Amino acid sequence: MIGISFCVILTIFQVVLSDVPPHCRGPPPGGANPSDCCKLPKVFTEEDFKECGIEKPTKERRVPECSKQICLLKRYELMKDDTNVDKDAVAAFLDKYSEGDEDMQSAVEATKQKCLNNDFPNIPEICEPSKIVFCVAGSMLMNCPKWDESEDCQKLKDHFENCNKYFPKK
């Protein structure tokens, strides 16, 4: 989930954030997969993705259809209706996700502050559920407390730390 979302987030924000230096508009050189480098438990299961028709990422970066993101959120009762995300339910879901892990709780708090207060660019072509899913995945990655210590993963971590300042935050 995190790997898919990060690539899509960068593609979307590349257009929105024209003042972002070129080296921060995409992943760093190398082949590190963010979801392999950031040692967080999966938020959604492979079954969730399969049930909602969300395919594994390919080289082509596309935003999954909104209906697929809605399906994903509905599986965990995180939607108020067919178009509006239940942000209180998302906050509680994230709290439960990080329960008992102090390091992860700080990442979750930063993510809730950023993503549940509409702190992302207004991109009308992307529905609210997709914005929330991508924001949460990207923010958790940017605030990841548990990185793999391999060389490629450390390059990825350094890239995020150096480029994070160019992305909107509260």
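What percentage of the 170 residues in the protein is made up of buried residues? In the predicted model examined here, buried residues account for 46% of the 170 residues. The protein has eight helices and zero strands, and from the N terminus on the order of its elements is α-α-α-α-α-α-α-α. Among contacts between residues at least 6 apart in sequence, 69% join residues at least 24 apart.

The mean pLDDT of the protein is 79, with 76% of its residues reaching 70 or more.

The largest nonpolar core comprises 35 residues, of which Leu40, Leu73, Met140 and Trp147 touch the most other members. Two or more residues are given to this core by each of helix 4, helix 5, helix 6, helix 7 and helix 8 (151-163). When residues up to four places away in sequence are not counted, Leu73 touches Phe44, Leu78, Met79, Val85, Pro129 and Val133.

The packing of helix 6 (residues 102-115) against helix 7 (residues 128-142) was then considered. The axes of these two helices come within 9 Å and cross at roughly 145°, and the crossing of helix 6 past helix 7 is right-handed. On the side of helix 6, the contact involves Met104, Ala107, Val108, Ala110, Thr111, Lys114 and Cys115, which meet Ile132, Cys135, Val136, Ser139 and Met140 in helix 7. The residues of this contact divide into nine nonpolar, two polar and one charged.

Met104, which lies in helix 6, takes part in this contact with helix 7. Met104 is classed as buried because its relative accessible area is 2%, which falls under the 20% limit. With residues up to four places away in sequence left out, Met104 touches Leu40, Pro41, Tyr97, Ser98, Met140 and Pro145. Of these partners, Leu40 and Met140 are among the core members that touch the most other members. The C-alpha atoms of Met104 and Cys144 are separated by 7.5 Å, although the two residues are 40 residues apart along the chain.

Not counting residues up to four places away in sequence, Pro28 touches Lys155, Leu156 and His159. Between the C-alpha atoms of Pro28 and Asp158, which are 130 residues apart along the chain, the separation is 9.3 Å.

The backbone of one loop residue was also noted. Most residues other than glycine have a negative phi. The phi of Glu77, in contrast, is near 55°, a positive value in a residue other than glycine. Glu77 is placed in the loop between helix 4 (66-74) and helix 5 (87-98). With a relative accessible area of 65%, Glu77 is exposed, because this value is over 50%.

Key. Residues numbered from 1 in each chain as written. Predicted model: local features only at pLDDT ≥ 70, side-chain atom pairs only at ≥ 80, totals over all residues. Heavy atoms only, no water. Axes fitted to C-alpha atoms, helices over the stretch in contact; angles between N-to-C directions. Helix = DSSP H or I, 4+ residues; strand = E, 2+ residues; numbered from the N terminus. Left-handed = near helix turned anticlockwise from the far one by under 90°. Contact = heavy atoms within 4.5 Å. Nonpolar A, V, L, I, M, F, W, Y, C, P; charged D, E, K, R; others polar. Buried < 20%, exposed > 50% of the residue type's maximum accessible area, 1.4 Å probe, protein only. Core = buried A, V, L, I, M, F, W, Y, C linked by side-chain atoms within 4.5 Å. pLDDT = per-residue confidence, 0-100.
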